[in-house]
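Hi,

Here is the model I promised to pass on.

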Amino acid sequence: MDVKTLEAFVMLAEELHFTRAAERLGVAQPLVSQWIRKLERELGEPVVGRTTRAVKLTAAGEAALPHARQVVESARLMTRAVHQEGVPLLGSVTLGYAGASSRPWLPGIARAVRRDAPGADLRLRSMVYAGAAPSLVAAGDLDIAFGRRPLTYSGLGDRVFEYERVLVGVSSDHRLAGQEQIDIRELASEPWVMFPAQQGSSVRDMGLRLANRAGFTPRLVQEAPDSYTILGLVAAGVGVTLTISSVAHVETPGLALRPLAGPARYLTATLLHRKKPNRATEAVLEVLAALHPEPERPEGIVLD
């Protein structure tokens with residue numbers, strides 16, 4: 001049972017998506033499938049359940065995951081010790097993020113930390129939604145996380161990372177797709193696709209809040225765990241959604257994204273951390289501040 005196989009399993013467990021796991025590993029998707037089948041043969045049990053819409057860990061996969069993480073982490077630290085001899089290890093720093101909105105920044109962040117804070121061992125943890133991030137940082141499960149304002153935990157600090165404009169997503173053949181802007185009241189009778197409530201998605205909360213202010217409750221017909229799936233379902237004509245500009249890079253044939261009518265609305269993406277971080281976290285925060293200075297507040301309505 002080699003480390004590469006276990007690393008593929010850990011990535012798949014975090015992403016619950018074969019293609020995105022392959023992207024993080026820097027390999028082709030079929031190779032990830034081969035590694036997972038190899039692991040299942042060696043364990044004698046399936047570790048993931050596969051359907052046309054989702055990947056889920058089986059009971060055997062859930063039992064194996066913490067042990068696989070431990071092996072992969074030990075291998076990472078051994079490789080680091082060999083290649084960075086003489087560099088004192090400040091400690092491990094776990095950065096939590098969720099899906100499409102923060103993913104484009106991760107390669108640059110990882111490279112900058114390796115270059116400018118080599119004593120910090122940066123670990124990335126996927127599928128950490130903004131609503132759950134503060135409690136995970138406060139509890140010490142994460143050192144840094146992408147989150148959103150308002151900040152309700154007194155022991156945490158944050159700084160603005162990005163202002164994300166609120167957009168409407170419809171299929172390209174939808175009756176509203178030809179409009180330059182879409183009034184949210186025109187979505188009152190439409191079926192909606194949204195994040196599940198239990199994931200603590202601030203994008204879902206924002207959509208419900210804006211719809212309620214417009215005098216209606218969205219008719220939810222489909223939930224999906226990430227923006228990739230939501231945008232794909234919208235492009236397929238399953239429903240409409242409210243999303244944010246930071247996912248506009250996701251190439252989705254058949255999708256049309258339009259601003260809401262009226263003044264521009266924004267969500268505030270932040271980086272959360274404890275107010276008294278350890279040395280390793282402090283070093284990573286300094287790298288992040290240099291890599292991505294705090295942006296100016298835009299004109300329009302910031303939905304803090």
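First, the ground rules. This is a predicted model, so to speak of local features I needed pLDDT of at least 70, and side-chain atom pairs count only at pLDDT 80 or more, while totals for chains, interfaces and linings use all residues. Residues are numbered from 1 along each chain as its sequence is written, and side-chain values use heavy atoms, with hydrogens and water left out.

Helix packing

Helices (H or I, at least four residues) and strands (E, at least two) are DSSP runs, numbered from the N terminus. Axes are lines fitted to C-alpha atoms, for helices over the stretch in contact, and angles run from 0 to 180 degrees between N-to-C directions. Angles under 35 degrees count as roughly parallel, over 145 as roughly antiparallel, 65 to 115 as roughly perpendicular and the rest as oblique. Contact means heavy atoms within 4.5 Å. For residue classes, Ala, Val, Leu, Ile, Met, Phe, Trp, Tyr, Cys and Pro count as nonpolar, Asp, Glu, Lys and Arg as charged, and the others, Gly among them, as polar.

On the α1 side you'll find Glu7, Ala8, Met11, Leu12, Glu14 and Glu15, which meet Phe18, Arg20, Ala21, Arg24 and Leu25 of α2. By class that contact has six nonpolar, no polar and five charged residues.

α2 also packs against helix α3 (residues 29-43), at about 100 degrees and with axes 8 Å apart. That makes α2 roughly perpendicular to α3. Here Phe18, Thr19, Ala22 and Leu25 of α2 touch Gln29, Val32, Ser33, Trp35 and Ile36 of α3. The class count for this contact is six nonpolar, three polar and no charged residues.

Then there is helix α6 (residues 106-116) with helix α10 (residues 279-291): an angle of about 120 degrees, and axes 10 Å apart. That makes α6 oblique to α10, and α6 passes α10 in a right-handed crossing. Gly108, Ile109, Ala112, Val113 and Asp116 of α6 make the contact with Val284, Val287, Leu288 and Leu291 of α10. By class it has seven nonpolar, one polar and one charged residues.

On a 1 Å grid over the protein atoms alone, a cavity is a set of points where a 1.4 Å probe fits but cannot get out, and a pocket is an open set with protein on both sides within 12 Å along at least five of seven lines; lining residues have an atom within 4 Å of a point. Grid points are joined across faces, edges and corners, and a volume is the space filled by probe spheres set on the points.

The largest pocket holds about 1200 Å³. It is lined by 35 residues, with Met11, Arg76, Leu122, Arg123 and Leu124 nearest its centre. α4 gives the largest share of that lining, nine residues. By class the lining has 15 nonpolar, five polar and 15 charged residues.

By this rule there is one cavity of 30 Å³ or more, and the space in the largest cavity is about 360 Å³. Of its 36 lining residues, Ala98, Ser101, Arg148, Val203 and Ile244 are closest to the centre. The lining divides into 20 nonpolar, eleven polar and five charged residues.

Gln199 sits in the loop between β7 and α8. Leaving out residues up to four places away in sequence, Gln199 touches Tyr129, Ala224 and Pro225.

Cheers

Definitions and conventions
A crossing is left-handed if the near helix is turned anticlockwise from the far one by less than a right angle, and right-handed if clockwise.
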